[in-house]
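Good morning, and thank you for coming. I would like to take you through one protein model, from the whole chain to its aromatic pairs.

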Amino acid sequence: MEKVSLTSRMAVAFMLVVTVVLMVAAISFYYFCQLHFERKDAQVLSEKAAAVEHMLRSSTAFGQEATSKIDAVIEHSFGFATAVVIDGKTVYSHHNFSERLLPLVTDNQEERWAVNFDGHRYSGITRKVDQWVEGQDAVIYLALDVTHRVHFFEMIQQWFAYTLVISALLSGALGFVLIKKGLKPIGELSKTSSTVTANCLDTRIPTESVPGELHELVANFNEMLSRLDDSFLRLSGFSADIAHELRTPLNSMLTQMEVALLRDRENTDYKNILYSALEELRRMSKMVDDMLFLAKADNGKITPSAEDASIAEIAASVIEYYELAAEEKNVKIALSGDGSVNGDKSMLRRAISNIVSNAVRYAEERSTISVEISESGASVSTAISNRGITIPAELQTRIFDRFYRVDTARREGTTLNAGLGMAITRSIVEAHKGRIACESAEGRTTFTMTLPRLMSS
């Protein structure tokens, strides 16, 4: 079954709303018009009845004089009919108040009444005149013929019905056109999204002509395309970097094997070649392990264990490991401060090790690498700084990208440093709900790792 389009559904909803509003307006108009005329009739009937009653009370007997006075009151009023009954006997009947109408009225005990008679509609009033003359009771019946008004309201009802049908159809048609025009940006959004491919992510929908209600949707769609474009560029670069990083050790092993097979060699030579190939394979294995770690981090599959860990103890063990390499470069490593966190010791050791390793690698000779640990509020900060090359401000955020290395001379022809260490460090810190930042100025580079502090119970 084909689904109804959004335009059609909104047009139908608009038509229903317009129909309901017009219906409520028509019913209200009809009701208040009737109420107005009924009140006006009541006022006129009360005034006429009061005038007739006054005529009766000013007369000592009902005769020709009283009849003339009542005629004078009623004669100039259109549509009025009057009857006067004294002690059950009709002594006066004027206009259309026939003897057949009177029984319909006398049976009604209400002061105000309305009756249908002989194809006419009458709205009337009954006024009792107690103790008129010689103890006689008189009753005044005054009726107003409102048949023409009934016909008028019937015609109004027909007009309302016709107008309601025409307005509903017209509002539905106009609503369909206007809504279709208003939803045009959604059609453009759909058309644009159908053209999006991995090779075409630079398409954007202009927001200038988009209505305010859809501006946020279009802006979010454009931002989504920007993120996809950036992600695809990163993925393409990542694939290229993987191929590049694996190509060097593979070419090295391939060359060694080809050279070894050119002629017969001693067992010692074969062993040396195998050891060299084994070293390259170990480096490739480490690279693959690092990439798998990052892949798990991207998918949120890294769950650090919860241990009470002293950052100073972890940093001290890392410094002890790199102490020999630092001595070879005539570099000292100074540790100060302490702080405790709740985290995975092995992961934190790996994160600090990656930073210290870079600091030792790029530190100037006869300089000092400082590892400063401090507690502040609910966090523990570990700042590792060294003197060396200054990292430009525009590259400081790229330090944490995969396969990125600041020293361009080290980017080619070696697998000693694949450029995954800082990316792994950031993943470990973020897995511990922390953050890491890099600052570099005037030859001093500082990496600050901030983790949630272990709060004592």
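Let me begin with a definition: a contact means heavy atoms within 4.5 Å. Of the contacts in the protein chain with a separation of 6 or more, 65% are between residues 24 or more positions apart.

Two remarks on the source are in order. This is a predicted model, in which local features need pLDDT of at least 70 and side-chain atom pairs count only at pLDDT 80 or more, while totals for chains, interfaces and linings use all residues. Residues are numbered from 1 along each chain as its sequence is written, and side-chain values use heavy atoms, with hydrogens and water left out.

The protein chain has ten helices and twelve strands; these are DSSP runs, helices being H or I with at least four residues and strands E with at least two, numbered from the N terminus. Its accessible surface comes to about 27800 Å², and carbon and sulfur atoms hold 55% of that; the areas come from the Shrake-Rupley method with a 1.4 Å probe, and for residues only the protein chains shown count as cover. Of the 457 residues, 37% count as buried. Here buried means under 20% relative accessible area, exposed over 50%, and partly exposed in between, with a 1.4 Å probe and protein chains only.

I turn to the sheet. In what order do the five strands of the open sheet lie? The order is β2-β1-β5-β4-β3, with antiparallel pairing; two strands pair if DSSP finds at least two bridges between them. At the edges are β2 (89-94) and β3 (112-117), each of which pairs on one side only. Neighbouring strands are turned by 25 degrees against each other on average, direction ignored. Axes here are lines fitted to C-alpha atoms, for helices over the stretch in contact, and angles run from 0 to 180 degrees between N-to-C directions.

Helix α2 (residues 64-74) packs on this sheet and touches β1 (80-86), β2 and β5 (138-145). The direction of α2 makes about 40 degrees with that of β2. Elsewhere in the sheet, six bridges join β3 to the antiparallel strand β4 (residues 120-129), and W113 has G124 in β4 as its bridge partner.

Next, the aromatic rings. Rings of Phe, Tyr and Trp (its six-membered ring) pair if their centres lie within 6.5 Å; planes under 30 degrees apart count as stacked, over 60 as edge-to-face and the rest as tilted. By this rule the count is six aromatic pairs. Why is the pair of F37 and F153 edge-to-face? The ring centres are 6.0 Å apart and the planes stand at 80 degrees, so F37 and F153 form an edge-to-face pair. Because F37 lies in helix α1 (residues 6-57) and F153 in helix α4 (residues 147-182), the pair ties together parts that are 116 residues apart in sequence. F37 is partly exposed, at 25% relative accessibility, whereas F153 is buried at 6%.

The rings of Y321 and Y322 are also edge-to-face, because their centres are 5.1 Å apart and their planes are at 85 degrees. Y321 is exposed at 65% relative accessibility, while Y322 is buried at 15%. One aromatic cluster is formed by Y30, F37, F152 and F153.

Finally, T7 also lies in helix α1 and is buried, with a relative accessible area of 12%. Leaving aside residues up to four places away in sequence, T7 touches F176, I179, K180 and L183.
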